[in-house]
Amino acid sequence: MSFVKIWIHLVFATKDRQPLLTQNIRYQIHKHIIENCKEKGIFLQAINGYTDHIHCLISLGKDQSIAKISQLIKGESSLWINKNKLIDQQFGWQDDYFAVSVSESQVSTVISYINNQENHHQKKSFSDEVEEFMNRYGWQLLNN
């Protein structure tokens, strides 16, 4: 029997970071993603976001990869949003995402951070949050 616990903080944005995830549909989308993750065997510990992005805390299974999990969550949810016409235009997620590992000792801190997204983004924009992540983790955006 294999025992695996690899925590991943996954963040992905709406296409062009459009503020399409209004409060009246955001929670429907979160609920749907939670249900979809259960069906697909994805252990989703926390989910929340704001008008233009979603944060997830996931524990990867032994046969799962970040790329596959991201594809399953983003692909299925965008199809569901469009099928159910939750937004009056074609919906899509950005192709890219952020994913960082989380140590067991920081899981509760990350859960609190994810759960507090609405208050957090009253003070800080997603662009500022992205810049903070880029600096914290030593990432650089490629200029096209």
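This is a predicted model. I start with glutamate 104, which counts as partly exposed because its relative accessibility is 48%. Its side chain meets that of lysine 5 in a salt bridge, at 3.9 Å from N to O. Lysine 5 itself is exposed, with a relative accessible area of 53%.

How many salt bridges are there by this rule? The count comes to three. Another one joins glutamate 118 to arginine 26, with the closest N and O atoms 2.9 Å apart. Glutamate 118 belongs to helix α4, residues 117–123, and arginine 26 to helix α1, so this pair ties together parts that lie 92 residues apart in sequence. Arginine 26 counts as buried, because its relative accessibility is 2%.

The remaining pair to mention is lysine 31 with glutamate 35, whose side chains meet in a salt bridge at 4.0 Å, N to O. Both residues are in helix α1, four residues apart, or about one turn of the helix. Lysine 31 counts as exposed at 53% relative accessibility, while glutamate 35 is partly exposed, with a relative accessible area of 38%.

Staying in helix α1, which covers residues 23–40, we come to histidine 32. Is histidine 32 buried or exposed? Buried, because its relative accessibility is 12%. Leaving aside neighbours within four places in sequence, histidine 32 is in contact with Glu76 and Trp80. With tryptophan 80 there is also a polar contact, side chain to side chain, at 3.4 Å.

Now the cysteines. A search of the whole structure finds zero disulfides. For cysteine 37, the nearest cysteine sulfur is that of cysteine 56, 6.6 Å away. Cysteine 37 counts as buried at 1% relative accessibility, and cysteine 56 counts as buried at 0%.

Last, the strands. Strand β1, residues 6–13, pairs with β4 in the antiparallel sense over five bridges. Within that pairing, histidine 9 stands opposite valine 100 in β4. Strand β4 spans residues 98–102; Phe98, Val100 and Val102 make up its covered face, and Ala99 and Ser101 its uncovered one.

That is the end of my part.

Key. Residues numbered from 1 in each chain as written. Predicted model: local features only at pLDDT ≥ 70, side-chain atom pairs only at ≥ 80, totals over all residues. Heavy atoms only, no water. Helix = DSSP H or I, 4+ residues; strand = E, 2+ residues; numbered from the N terminus. Buried < 20%, exposed > 50% of the residue type's maximum accessible area, 1.4 Å probe, protein only. Polar contact = N/O pair within 3.5 Å; in protein donor to acceptor, adjacent residues only side chain to side chain. Contact = heavy atoms within 4.5 Å. Pairing = 2+ DSSP bridges. Disulfide = S-S within 2.5 Å.
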